[in-house]
Amino acid sequence: MVKISVPWLGFMLLWWSCTAMGDYVKYKDPNQPVAVRVEDLLSRMTLEEKIGQMVQIDRTVATADIMRNYYIGSVLSGGGSAPLPQATATDWVNMVNGFQKGSLSTRLGIPMIYGIDAVHGHNNVVNATIFPHNVGLGATRHVKDPELLMRIGAATAIEVRATGITYAFAPCIAVCRDPRWGRCYESYSEDPKVVQQMTDIIIGLQGEIPNSSRKGVPYVGGKDKVVACAKHFVGDGGTTKGVNENNTLIDMHGLLTIHMPAYYDAIIKGVSTVMVSYSSWNGEKMHANRNLITGFLKDNLKFKAAIALLISLKIDGNFLSRDVTCPCDWEGIDRITSPPHSNYTHSVEASILAGIDMVMIPTKYNEFINDLTYLVKNKFIPMDRINDAVERILLVKFTTGLFENPLADLSLVDEVGNQAHRNLAREAVRKSLVLLKNGKNVVDPLLPLPKNAPKILVAGSHAHNLGYQCGGWTITWQGFSGNTQTSGTTILNAINSTVDRGTEIVFLENPEREFVRSSNFAYAIVVVGEHPYTESAGDSPTLTIVDPGPSVITNVCGAVKCVVVVISGRPVVMEPYINSIDALVAAWLPGTEGQGVTDVLFGDYGFSGKLSRTWFKSIDQLPMNVEDSHYDPLFPFGFGLTTTSLVAR
């Protein structure tokens with residue numbers, strides 16, 4: 001029998017206890033409060049690891065080694081940036097997991113978060129469901145379906161998660177005050193009240209905050225939800241003459257009453273991040289505006305009564321107070337100086353001190369890391385500011401469940417473009433269409449069209465072009481032309497599947513007037529509009545439909561009864577043609593489900609959409625918004641004729 005002394009046994013027990021405690025890592029324990037986990041992890045991090053968390057790089061420069069060696073906190077796909085041409089959901093999952101494995105192999109194993117512009121569905125991914133752009137969704141506000149936006153957000157979220165991605169740069173809650181702006185279609189309305197209403201999409205994207213939880217706190221409700229991002233803070237829709245990334249001239253009262261209200265609603269609904277705008281406010285670049293980013297967004301907005309004016313969670317001991325995680329936009333800090341990147345160290349200093357937490361670099365990460373390290377070590381930027389930024393980033397990652405489930409699997413890949421989501425998109429299309437004119441007099445309406453006409457004409461460059469129908473931010477950054485880049489139903493194909501089998505359909509993009517006059521058509525459907533564009537490429541001083549659209553309207557509508565369907569991201573010049581047109585429909589940028597257009601053209605459903613934007617008469621009236629003193633529109637804000645479903649009759 002071996003004798004063991006009590007002192008020796010006590011030493012062994014103490015050694016075992018210390019060893020066991022040493023294996024316990026508080027931030028890895030999902031049973032610990034998020035605040036405790038963030039505080040514990042932050043206390044273990046070096047300056048190098050903290051700065052890495054503040055870096056977001058594009059997938060084109062990311063590798064597993066770079067993620068590991070530089071402790072990169074986030075990766076993104078810029079518009080159209082995909083792992084492969086025609087990449088499948090499985091390809092996306094494999095790419096994202098490859099980067100994630102690099103992050104997990106670091107000393108602390110902090111997962112990265114992958115972001116993408118999923119602004120009207122998962123629009124970078126082939127065969128995903130493409131919903132109407134926001135300008136169309138704003139027209140659905142009068143429909144008796146308060147959950148439409150939530151359902152769209154939920155469908156988008158699950159398609160994004162199906163590709164292994166957890167962060168969607170949506171929604172855009174800009175209030176577009178001038179349709180000459182190239183991003184106006186990303187805005188729900190010129191009216192801040194409508195934009196506030198549309199923030200319900202955040203609940204669909206992230207999940208609804210449980211009744212037992214505090215409102216205004218970041219919340220991501222499971223593996224089928226994503227981190228949302230309210231953008232672009234603030235005033236991006238109010239720039240002079242609608243020039244993208246330009247200057248918004250407005251006093252503080254105007255900023256707070258027009259451009260800020262949707263942020264209040266986004267925050268109370270738990271939005272996890274806010275993206276800062278490229279634009280300036282009264283001459284000061286937003287990426288360097290400490291008064292608005294930190295002073296107003298992070299410090300002044302407090303939880304009061306039923307309004308949660310809060311932004312993201314900041315750790316203060318064991319108490320969670322609300323501050324925002326503020327990522328910047330693509331090379332946003334470079335543009336603080338003119339010309340861009342002319343004094344990058346200054347840009348880094350100004351943006352981080354202003355309150356930017358994560359920087360979309362997206363390629364020159366070494367320069368950013370070196371400059372920020374220099375600025376911190378030489379006390380130009382206090383360590384407290386770095387800790388504040390990293391706390392916010394880690395909070396979002398813990399809230400999203402990334403530490404427990406960092407790697408995606410293939411269980412959701414069949415959700416991408418599934419029929420239920422396409423049916424939802426089709427529903428959104430028909431509810432977003434606005435009927436602006438129906439007949440040359442009230443007693444002789446053209447719509448709904450008969451399905452059993454012997455012979456009809458379909459004309460216009462946009463009738464059979466899925467790329468034009470979807471608009472910008474679709475598959476590529478600037479969109480595409482044609483029908484081969486992704487799957488969907490063009491308006492022509494939808495007409496073919498709707499009319500009677502005995503109806504002869506003639507399709508010509510630009511028919512001659514005499515041909516139309518002599519061909520004995522019962523009626524014509526003309527589909528014209530704008531070509532796809534994104535951001536500054538869409539800035540337009542003229543707002544005209546593209547050629548040969550005007551001549552198609554003139555030739556066709558001058559020879560036969562016609563309905564003109566306008567595919568555009570905003571109101572365009574229509575007054576010169578209005579008298580020759582029998583019926584006029586604003587279809588906006590409807591996305592992949594063209595049958596939503598024919599649903600209402602042929603009376604299976606009635607028109608219900610209402611203008612979320614003022615339709616001007618002439619370009620020299622702009623900017624012109626509802627309640628302006630010079631308000632004299634072609635069609636006023638809120639206008640929209642209705643029809644009754646033939647089925648209901």
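Residues are numbered from 1 along each chain as its sequence is written. In this predicted model, local features need pLDDT of at least 70 and side-chain atom pairs count only at pLDDT 80 or more, while totals for chains, interfaces and linings use all residues; side-chain values use heavy atoms, without hydrogens and water.

**Exercise 1.** Describe how helices H2 and H15 pack.

*Solution.* Start with the segments: H2 spans residues 34-44 and H15 spans residues 383-400. Helices are DSSP runs (H or I, at least four residues), and strands are E runs of at least two. Next, the geometry: the angle is about 130° and the axes lie 10 Å apart. Axes are lines fitted to C-alpha atoms over the stretch in contact, and angles run from 0 to 180 degrees between N-to-C directions.

**Exercise 2.** Locate the cis peptide bonds at Pro-362 and Pro-448.

*Solution.* Ile-361 and Pro-362 are joined with omega of about -15°. Pro-362 sits in the loop between strand E14 (359-360) and helix H14 (365-377). Leu-447 and Pro-448 are joined with omega of about 5°. Pro-448 sits in the loop between strands E15 (434-438) and E16 (455-459).

**Exercise 3.** Classify the exposure of Asn-127 and Asn-520.

*Solution.* Take the cut-offs: buried is under 20% relative accessible area, exposed over 50%, partly exposed in between (1.4 Å probe, protein chains only). Asn-127 has 37% relative accessibility, so it counts as partly exposed. Its phi is positive, about 75°. Asn-520 has 68%, so it counts as exposed. Phi of Asn-520 is near 60°.
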